[in-house]
Amino acid sequence: MIRDNIKKLREEMGSTQKQLADYLNVTRSTYSYYESGKNFPSIQSLIKLSKIFGVSCDYILTGKTNSANPQYIGDIINESTKKERKILCYFRTLPAGMQDKVLDILKTFIKKFYLKIIIHCKRYRVSHSIPSKLYAHLISQKF
């Protein structure tokens, strides 16, 4: 069960065994043994895998999500697209300071994107589908 789950999650993430082995500080062959069922990851490796995949350790062990807590990130990840999971995995490999910078860049990019839509809609007098709270927040921003 573990082997199938980590292989599926790795493939969905678009990573190689070598990339995950490096993240876990083990050799590629050791990681390969995890996916073949010849060996099991240590508790520390299991925790690291759950973090990079965005699922609970329970999910890696059993394939079942944490139904007692539906807000658990693993449940959200299971409903996300492959691109979203890949972005999250890359994000998690960054140091905390870099994560903050990436979030700031992303917020700025999204604000500019929506502001362009608003300007375009006003220019051509067409309506937009931007939620009202977001719209109010965006037009109050100064760039």
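The largest nonpolar core of this predicted model comprises 17 residues, of which Ile6, Tyr31, Leu49, Phe53 and Ile60 touch the most other members.

Leaving aside residues up to four places away in sequence, Ile6 touches Tyr31, Tyr34, Glu35, Leu49, Phe53 and Ile60. Among these partners, Tyr31, Tyr34 and Glu35 also belong to the α3 side of the contact between α1 and α3.

That helix pair may be considered next. Two packed helices are described by the angle between their axes and the distance between the axes. For α1 and α3, the angle is about 115° and the axes lie 6 Å apart. On the α1 side, the contact is made by Arg3, Ile6, Lys7 and Arg10, while α3 supplies Tyr31, Tyr34, Glu35 and Ser36. By residue class, this contact divides into 3 nonpolar, 1 polar and 4 charged residues.

The loop between α3 and α4 holds Pro41. Is Pro41 buried or exposed? Its relative accessible area is 14%, and because buried means under 20%, Pro41 is classed as buried. Apart from residues up to four places away in sequence, Pro41 touches Ile2, Tyr34, Leu46 and Leu49. Tyr34 and Leu49 are likewise touched by Ile6. Pro41 is also 9.7 Å from Arg3, C-alpha to C-alpha, although 38 residues separate Pro41 and Arg3 in sequence. Arg3, in turn, is one of the α1 residues that make the contact with α3.

Notes:
Residues are numbered from 1 along each chain as its sequence is written. This is a predicted model: local features need pLDDT of at least 70, side-chain atom pairs count only at pLDDT 80 or more; totals for chains, interfaces and linings use all residues. Side-chain values use heavy atoms; hydrogens and water are left out. A nonpolar core is a set of buried Ala, Val, Leu, Ile, Met, Phe, Trp, Tyr and Cys residues joined through side-chain atoms within 4.5 Å. Buried means under 20% relative accessible area, exposed over 50%, partly exposed in between (1.4 Å probe, protein chains only). Contact means heavy atoms within 4.5 Å. Helices (H or I, at least four residues) and strands (E, at least two) are DSSP runs, numbered from the N terminus. Axes are lines fitted to C-alpha atoms, for helices over the stretch in contact, and angles run from 0 to 180 degrees between N-to-C directions. Ala, Val, Leu, Ile, Met, Phe, Trp, Tyr, Cys and Pro count as nonpolar, Asp, Glu, Lys and Arg as charged, and the others, Gly among them, as polar.
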